[in-house]
Structures are given as C-alpha cells and as structure tokens.
Amino acid sequence: MRIDVLTLFPEAFAGPLDVSIIKRAREDGLLDLLLHDVRAFATDKHRSVDDYPFGGGQGMVMRVDVLDRALSDVQEHGSGRGLVVYLSPQGEVLNDRLVRELARKDRLVLVCGRYEGVDERFVKHCVDREVSIGDYILTGGELPAMVLIDAVARHIPGALGDEASPEEESFVGGLLEHPQYTRPAEYKGWTVPEVLLSGHHANIEKWKAEQRLERTKARRPDLLNGRED
Ligand code: 4GX
C-alpha cells in the first residue's frame, strides 16, 4: 500500500512511524509512506499557504489553489489517484469498520489541515472522504493522519508478521477484549483469576467470553446496540 501525506509539517511524522510494526512494514516494502510539504506548492514571494476567511471570523484558512496544486502534483506520481482523505473534526468518526475499508485501498492520500481548516472548495472538489479520529479538537491533522496510518498499516497482509492476525483482536466480534495476565501468578498478594491457571481449556474459553461481554456491557454498551456506532 502507498500512502502520500500532504502537510505543512512533514518533520512531525519522523518518530511515531519509525518504530515497531510500522517500521518493519516500511522496511519490508508493505507500506510505502511519502511525505509532501504543502508549502513547496506556494507560488507568491511569501510562500503563503493560508489567508483570512471570507465573511470574517478568527484564524486563517488554507488556500484552495495551493492545496489543489500540491494534490495534483502528488497524484501525477505513482499509479492511480488514490483515495483522498481529509482529517477533520467534521468527518465521519474513524472506527474498526472504516479502518478495514481504507486498508483495502492500493493508495491513500491524506491531507492534514492546520489553522481553522481548509477552503471548503478543496473539500468539495478534491476530497473523497472526510474522517475524524474523535470528538475533540487538535492543533492540526498530523496526529490524526498518524493514527489512521498506524491503524490501517496493521491490516496490510503480512504487516503483523506470521504470529498475529488482526482478525483475533478486539472489535472483531464487536466486543472489547478480556483481561490478560502473565507471570508471576502472585505479586504483592495480587492474584490471577484461578480459572486461567487451571489448564481447563473449555472453562478458560467460557470465562474469556463472559469477560468480553461483561466489560462491553459495563464500559461500552453502545457497541452492543446493533453492532458499530
Ligand atoms: N480528527 N483537527 C483538522 C484543521 C481544521 C479546523 C477546523 C477543519 C475545521 C481532527 C480530529 C482535528 C484539528 C484536524 C483541526 N479542519 N482531525 N484541523 N479530531 O481535531 O481529525
């Protein structure tokens, strides 16, 4: 999978995507991540990428012409235009279903906004999906883009290695995970549920299923109401 990111802060992406599973997926050629500096597509002498909002109001808005040039240039390279995703609090909220849908694409182009957002004409004419990572406001779309990249990359076949499969994890059955324990079996008098030490596999599976259901009821009853949000 190829992911292109349009951002004013390409340097923000160094670090989080250079460790662990994502690092290995990139090294193995499963994930081709390309960062593009939007400011490189500014044409005036001040290299301006934003301007005052028509109709007034606080803050600045990212210019449609600069973003459109940046996107067109990126789309001229590589194969296919890719699915263009704009990260914003106005988008549909990211969940496991949407992550899997995006993971099936050959190419994604992620657009990160700063300031008060981007000119709506860019969203209307150039963006395929507007996606939010949750109902809170961040200072830009870079962290949301990194969250999306991380969540999607785990679903690229081979990215988790041979041992793990995303099919065996939380949300696959629409439920939360059961609690996990490891050695030592007792620490400061803190014990592990007896059943997990019993070696009785049928009882263990029954206990895990009960825990998943009870936790979901207690913590995320919304997940039980007809699947998804
Ligand atoms: N999930 N942000 C976008 C710029 C902006 C401001 C106003 C549209 C309207 C966010 C989120 C998020 C911060 C990214 C503001 N865009 N993105 N940015 N939550 O908070 O995705």
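How many of the 229 residues of the protein count as buried? In this predicted model, 38% of the 229 residues count as buried, where buried means under 20% relative accessible area, exposed means over 50%, and partly exposed lies in between, using a 1.4 Å probe and protein chains only. Residues are numbered from 1 along each chain as its sequence is written, and side-chain values use heavy atoms, with hydrogens and water left out. Because the model is predicted, local features need pLDDT of at least 70 and side-chain atom pairs count only at pLDDT 80 or more, while totals for chains, interfaces and linings use all residues.

**Overall form**

- The secondary structure of the protein comes to seven helices and nine strands, which are DSSP runs numbered from the N terminus, with helices (H or I) of at least four residues and strands (E) of at least two.
- The radius of gyration of the protein is 22 Å, whereas a compact globule of 229 residues would have a value near 17 Å; the radius is taken over C-alpha atoms, and the globule rule is 2.2 Å times the number of residues to the power 0.38.
- Along its principal axes, the C-alpha trace of the protein spans about 70 × 40 × 35 Å.
- Where contact means heavy atoms within 4.5 Å, 76% of the contacts between residues at least 6 apart in sequence join residues at least 24 apart.
- The protein exposes about 13600 Å², and carbon and sulfur atoms supply 51% of that area; accessible areas come from the Shrake-Rupley method with a 1.4 Å probe, and for residues only the protein chains shown count as cover.

**Around the ligand**

- Of the 19 residues around the ligand, those that come nearest are Tyr 86, Glu 116, Ile 133, Tyr 136 and Leu 138, and a residue counts as near a molecule or strand if one of its heavy atoms lies within 4 Å of it.
- The shell residues divide into 10 nonpolar, eight polar and one charged; in this division Ala, Val, Leu, Ile, Met, Phe, Trp, Tyr, Cys and Pro count as nonpolar, Asp, Glu, Lys and Arg as charged, and the others, Gly among them, as polar.
- Strand 5 (83-93) and strand 7 (129-132) each supply at least two residues of this shell, and strand 5 gives the most, with five residues.

- Glu 142 is found in helix 5 and is buried, with a relative accessible area of 1%.
- The side chains of Glu 142 and Arg 114 are joined by a polar contact of 2.9 Å, a polar contact being a pair of N or O atoms within 3.5 Å; within protein, one must be able to donate a hydrogen and the other to accept it, and residues adjacent in sequence count only if both atoms are side-chain atoms.
- Leaving aside neighbours within four places in sequence, Glu 142 is in contact with several residues, including Thr 7, Phe 13 and Cys 112.
- Cys 126 lies in helix 4 (residues 120-126) and counts as buried at 17% relative accessibility.
- Although Cys 126 and Asp 68 are 58 residues apart in sequence, they are 7.4 Å apart in space, C-alpha to C-alpha, and Asp 68 is among the residues that Cys 126 touches.
- Asn 95, in the loop between strand 5 and helix 3 (96-103), counts as buried at 14% relative accessibility, and its side chain reaches the backbone nitrogen of Arg 97 at 3.2 Å and that of Leu 98 at 2.9 Å.

**Backbone details**

- Most residues other than glycine have a negative phi, and most peptide bonds are trans.
- Ser 20, in helix 1 (residues 20-27), has a positive phi of about 55° although it is not a glycine, and at 58% relative accessibility Ser 20 counts as exposed.
- Lys 188, in the loop between strand 8 and strand 9 (190-191), has a positive phi near 50° and is exposed, with a relative accessible area of 61%.
- A cis peptide bond, with omega about 5°, joins Arg 183 and Pro 184, and Pro 184 has its place in the loop between helix 5 (142-153) and strand 8 (186-187).
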